[in-house]
Amino acid sequence: MATLTANSIQDARPAGVTQTIKRLFLSDYLILWLCLIYFVALLPFTPGFASLSNLQTILAYLLPLLVVALGLTLVLIIGGIDLSVTSTIALASVIGGKIMSSEAGWLAGSALAVPVGVIAMLLVGVVMGTINGFAVTNCRIPAFIATLTTMMFVSGLAIWFTLSQKIGGLPPGFVMLGQKLWLAATLTGLATAAAHYALSRTLYGRWLYAIGHNPRAALTSGVPVKRVTFIAYVLCGLFAGLASILFTAGLETGNPEMARDNLLDIVGAVVIGGTSLYGGKGRIIGTVFGVLFLALVDNSLNLLGLNFYTVTMVKGGVILAAALLDALRNKLLVSR
Amino acid sequence: MKKTIHRFATVIATTIFITLGLVGCGKSTDTPNANGEKQLTVGVAFETLQTEYWVAGFEAIKAELKKRNINVVEAIADGDANRQLQQVRTFVTRKVDGIVLVPKDSKTCIPAIKAANEANIPIVLFNRPAADAAGVKSSAVVADNRKLSRETVEFMIEQARKTGKKHKAMLIMGDLGDINAIGRKDGFYDAIKGQESVVEVVAEVPSEWNQEKARAGVVNALQANPDISFIFSSSDFLFPSVVAALKSANKYHKLGDSAHVILGGFDGDATAYQMLMDGYLDATGVQDVYFEAEQSVQALLDGLAKKEVPATILDPGFVIHQGNLPEKKARMWGANVGKK
């Protein structure tokens, strides 16, 4: 006699279109499906949307945003937030520019300019992450306040450092990191792979989720909550430093206002990708899809040639719809 | 098993997505006109529409293009240099015939100009020039900020001289990353030089083109120097902040009043026009936005026709004050804001 199992009962149900749609809707890849549907739906109306050069434009735009989003994902998973990422990007940008610039940079013309500049930019990120991590774990300042104050301070510091001036004359060896798409994509790919591996394959990643679910329970279970939280902020800062390299190289300019207005876009992309603002939930692949969706929407609205006011409203509406779909999906999953 | 099928389906879907992209099934944007000739399309990319000047410039360019039967595609970067670069690249993808760009600043626009140069699309910068960079070709239509500011402040100094007393002056600066702001600051000091017996500069307010910062700076300066009686603002869009600060210090009086603070600005917006009409503003340097729009479009068309286009086309602008208001106001763009 055949034994009934949960799987055999499920396999016996008729597939049907409704079931397929429901499965897709409840899938962890919902945002990717949304990207595909959006892309295909807009193709007939959007000249050049699927052309190679446009896809390259989309990729070039999303790569630095994705790198920042990776770091922010880690912090959001533990139930924190880092509002200072964009200020970190700006400060790293001007310090790197000041070191490398051929226009009176500290190492102008030197063979060490690029490696020292790159290391310095990453170090700025690490230092900022360390300060944030220390404030949150040792000083027990709420993450929102701690990172808000570092955001304000560092933003002012970047502008003071350059007196609002932009720094040009960056060496070609540095600029290619942002201008050569394959190189920028490789760097981003490596960062994404590292973040994915850390989150999904290591004990550290499991600790992050545990803290995000319930910090007290995690502490009782022997998770080194303080250390894990501290490292999450340091990593977030490091990713911001790396993103600054891509931003700065892409624009060939050290800019004290770099990425200033991107914070909400980045947080929005991470949340659309499935990371919860309350902690305990999120995946790197979800963040990738979220940033991709944001970049697709931005690019398609430009290509459609809509006027500015319409673009901002439509973009807000599309992102809201995506977030609502994801919220509905989570609700259905919980109720199953 | 389900997970495997699902991942498989995802890989297939992603592969289709990438394949579609590589095949490159974009559509043409060519729209023939009544004679069957290809109608030109120009991409207009502005950094911001934050102030009336930019809105007026944007509308003037679109009107000029429409007058010449040229299609327009528009993009506003909202202050984001990275987004602006993406928008220009998008124009290149759309194969526009020309690009009018208001850059975020003179340096971050270089990659955008390079993208246009590589695609052989003529590009003209409106109101803000690019920094010098090797291998980068563009034209810029700009106001002669330094000269026009100097002329405006010289007029203000004449008014100061007529009062027979020495005035303490405040300069409200713009964002010093903006080459226009630097030009206006230099023009101010060009006029002040040698006039120290009439005007003494006691305060410099760095507004960074932000009204709240301007207000805070002016309030602080007035508290530190309550007898300031000469104020030059690097842009008229900061006047609401200046007026609010003067009113709170009880120093906002019309021309002719013994306590009148000599006020001057730059741009020629609707606020400045109303202040001139109401008798509070002494003078402002007006950027001839209609001239700049016309020259920008003409420079693009000349570029398309492979004619030589100068790297810089200067808008001389003009100073408008109480004495020439009736004759000059028609050309003042701020006087026409809101009119059809």
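Student: What makes strand 3 and strand 5 of chain B count as a pair?
Tutor: In this predicted model, strand 3 and strand 5 (residues 98-101) of chain B are joined in the parallel sense over 4 bridges; because pairing requires at least two bridges, the 4 bridges qualify these strands as a pair. Within this pairing, B:Val44 stands opposite B:Val100 in strand 5 of chain B.

Student: What makes strand 4 and strand 13 of chain B edge strands?
Tutor: The open sheet is formed by 6 strands of chain B in the order 4-3-5-6-7-13, with parallel pairing, and strand 4 and strand 13 (312-315) of chain B each pair on one side only, which places them at the edges. From one strand to the next, the twist averages 20 degrees.

Student: How do you know that strand 3 of chain B is mostly covered?
Tutor: Of the 6 residues of strand 3 (residues 41-46) of chain B, 6 are buried, and since a residue is buried if 20 or more other C-beta atoms lie within 10 Å of its own, each of these residues reaches that cut-off. Both faces are covered: B:Thr41, B:Gly43 and B:Ala45 are buried on one side, and B:Val42, B:Val44 and B:Phe46 on the other.

Student: Which elements make a β-α-β unit with strand 3 of chain B, and of which hand is the unit?
Tutor: Strand 3, helix 2 (residues 52-67) and strand 4 of chain B together make this unit, which is right-handed.

Student: Which residues of helix 9 of chain B are buried, and what covers them?
Tutor: In helix 9 (residues 270-278) of chain B, the buried residues are B:Thr271, B:Ala272, B:Tyr273, B:Met275 and B:Leu276, and their cover includes helix 8 (239-248), strand 11 (262-267), strand 12 (283-286), strand 14 (318-321) and helix 11 (325-328) of chain B. After helix 9 of chain B comes B:Gly279, with a positive phi near 90 degrees.

Student: At what angle do helix 6 and helix 7 of chain A pack, and how far apart are their axes?
Tutor: Helix 6 (residues 113-137) and helix 7 (residues 143-162) of chain A pack at about 145 degrees, with axes 9 Å apart, and the crossing is right-handed. The residues of this contact divide into 7 nonpolar, 3 polar and no charged.

Student: How many residues of chain A are in contact with chain B, and which helix supplies the largest share?
Tutor: The contact involves 35 residues of chain A and 41 residues of chain B, and on the chain A side the largest share, 6 residues, comes from helix 4 of chain A.

Technical notes: Residues numbered from 1 in each chain as written. Chains lettered and ligands numbered in written order. Predicted model: local features only at pLDDT ≥ 70, side-chain atom pairs only at ≥ 80, totals over all residues. Axes fitted to C-alpha atoms, helices over the stretch in contact; angles between N-to-C directions. Helix = DSSP H or I, 4+ residues; strand = E, 2+ residues; numbered from the N terminus. Left-handed = near helix turned anticlockwise from the far one by under 90°. Nonpolar A, V, L, I, M, F, W, Y, C, P; charged D, E, K, R; others polar. Contact = placed C-beta atoms within 7 Å. Buried ≥ 20, exposed ≤ 12 C-beta atoms within 10 Å, placed from the backbone. Right-handed = clockwise from strand over helix to strand, strands pointing away.
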